Amino acid sequence: MSWASASDFFAMGGYALYVWGSYAVTAGLIAVEVVMLIVRRHHALKSAGGPAAGSRP
Amino acid sequence: MSQPTLVIGSINWFRYASPQTFYPLAGAMIPWFAWAAAVLCAAGLYVGFFVAPTDQQQGEAYRIIFIHVPAAWMSMFIYVVMAFWAGVGLVFNTRLSHMMATALAPTGALFTFVALWTGSLWGKPTWGTWWVWDARLTSELILLFLYFGFMALQAAIDEPRRADRAGAVLALVGVVNIPIIYYSVKWWNTLHQGASVSLTGAPTMAATMLTGMLLMALAAWMYSIAAALHRVRSIILERERGADWVAQDVKAARP
């Protein structure tokens, strides 16, 4: 364990911008991809004739 | 569920039934790969941030490695797999192979961008520059453009079979870039360092650092498989929506 405290952890030895900038953007992009996957499946199910959440008459 | 296509000869099974048989199989596999990705990622982050020591030369900045290297590996590996399926699709004229290639491209592009982004954020504190036109960085950027080109080309062609074939040719031509990326640090005198991990030599990093990196690499594998399987299921639905089995399956999925 390299950290004395939580603030020490978040400071990343002075490299917070670079380390957290890397992790945050990666996590954000993966979140965007997961949302896009779910949206695409929703549309695919709808266009395939499924009664998507009862939206079809 | 009945499988009427099994009585048909092998060629027709190959051509017609593959998406139908693969669709539920992929659906069953997705949760396993997704959970494996989540667990491996949590373990990798724990090892990376709380077990692996501070690097003597780079301080804490080196911790970018736990994303950067797995993302760079995946960016190249996904391209090879994509080109493989594209090639299989061209040779055997199998729709599912082309769909698999199409499904892999966005995830490959994601990891390529992540490798470039994290590399830039790592380069600034260690090299003093966000970007340099060295062989490794430039060929990785070309990889990103190859993914974008593949997706744009397929999106631009309305007829699916033509889009499949055009994309497959582009994917296969572009595969020549992969060994260029991989060996660029050996072939040219690049600013980018050589490989820290190779199959033949001992890794030049602490065991706990290596463990964290490999856990994150495995997590990236599992995530990529889950994402590609999820996307290929949507592609199958989009392309096969006229088929009876799709209508039945969709009804079963949403009662």
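Biologist: Hi! How many residues does the contact take from chain A, and how many from chain B?

Modeller: Hello! Chain A gives 25 residues and chain B gives 34 residues to the contact. Keep in mind that this is a predicted model.

Biologist: Let's turn to chain B. How many helices and how many strands are there in chain B?

Modeller: Chain B has eight helices and zero strands. From the N terminus on, its elements run α-α-α-α-α-α-α-α.

Biologist: And what does the C-alpha trace of chain B span along its principal axes?

Modeller: About 65 × 35 × 30 Å. Of the 255 residues of chain B, 41% count as buried. As for contacts in chain B between residues at least 6 apart in sequence, 77% of them join residues at least 24 apart.

Biologist: Now helix α2 of chain B. What should its 28 residues span, at 1.5 Å a residue?

Modeller: Helix α2 of chain B, residues 65-92, should span 40 Å, and its end C-alpha atoms are 40 Å apart, so the two agree.

Biologist: Nice. Which residue follows α2(B)?

Modeller: N93(B) does, and its phi is positive, near 60°. N93(B) is not a glycine. You'll find N93(B) in the loop between α2 and α3 (95-127) of chain B.

Biologist: Is N93(B) buried or partly exposed?

Modeller: N93(B) is partly exposed, because 15 other C-beta atoms lie within 10 Å, and being buried takes 20 or more.

Biologist: Over to chain A, then. What is phi of M12(A) near?

Modeller: Phi of M12(A) is near 50°, a positive value in a residue other than glycine. M12(A) sits in the loop between α1 (6-11) and α2 (16-47) of chain A. M12(A) counts as buried because it has 21 C-beta neighbours inside 10 Å.

Biologist: One last stop: E140(B). Where does E140(B) lie?

Modeller: E140(B) lies in helix α4 of chain B, residues 135-156.

Biologist: Why does E140(B) count as buried?

Modeller: E140(B) is buried because 22 other C-beta atoms lie within 10 Å.

Biologist: Which residues is E140(B) in contact with, leaving aside its neighbours within four places in sequence?

Modeller: E140(B) contacts T112(B), A115(B), L116(B) and I181(B), with those sequence neighbours left aside.

Biologist: And how far apart are E140(B) and A168(B) in space?

Modeller: They are 20 Å apart, C-alpha to C-alpha, and 28 residues apart in sequence.

How values were computed: Residues are numbered from 1 along each chain as its sequence is written. Chains are lettered from A and ligands numbered from 1 in the order in which they are written. This is a predicted model: local features need pLDDT of at least 70, side-chain atom pairs count only at pLDDT 80 or more; totals for chains, interfaces and linings use all residues. Helices (H or I, at least four residues) and strands (E, at least two) are DSSP runs, numbered from the N terminus. The expected span of a helix is 1.5 Å times one less than its number of residues. A residue is buried if 20 or more other C-beta atoms lie within 10 Å of its own, exposed if 12 or fewer, and partly exposed in between; C-beta atoms are placed from the backbone. Two residues are in contact if their C-beta atoms, placed from the backbone, lie within 7 Å.
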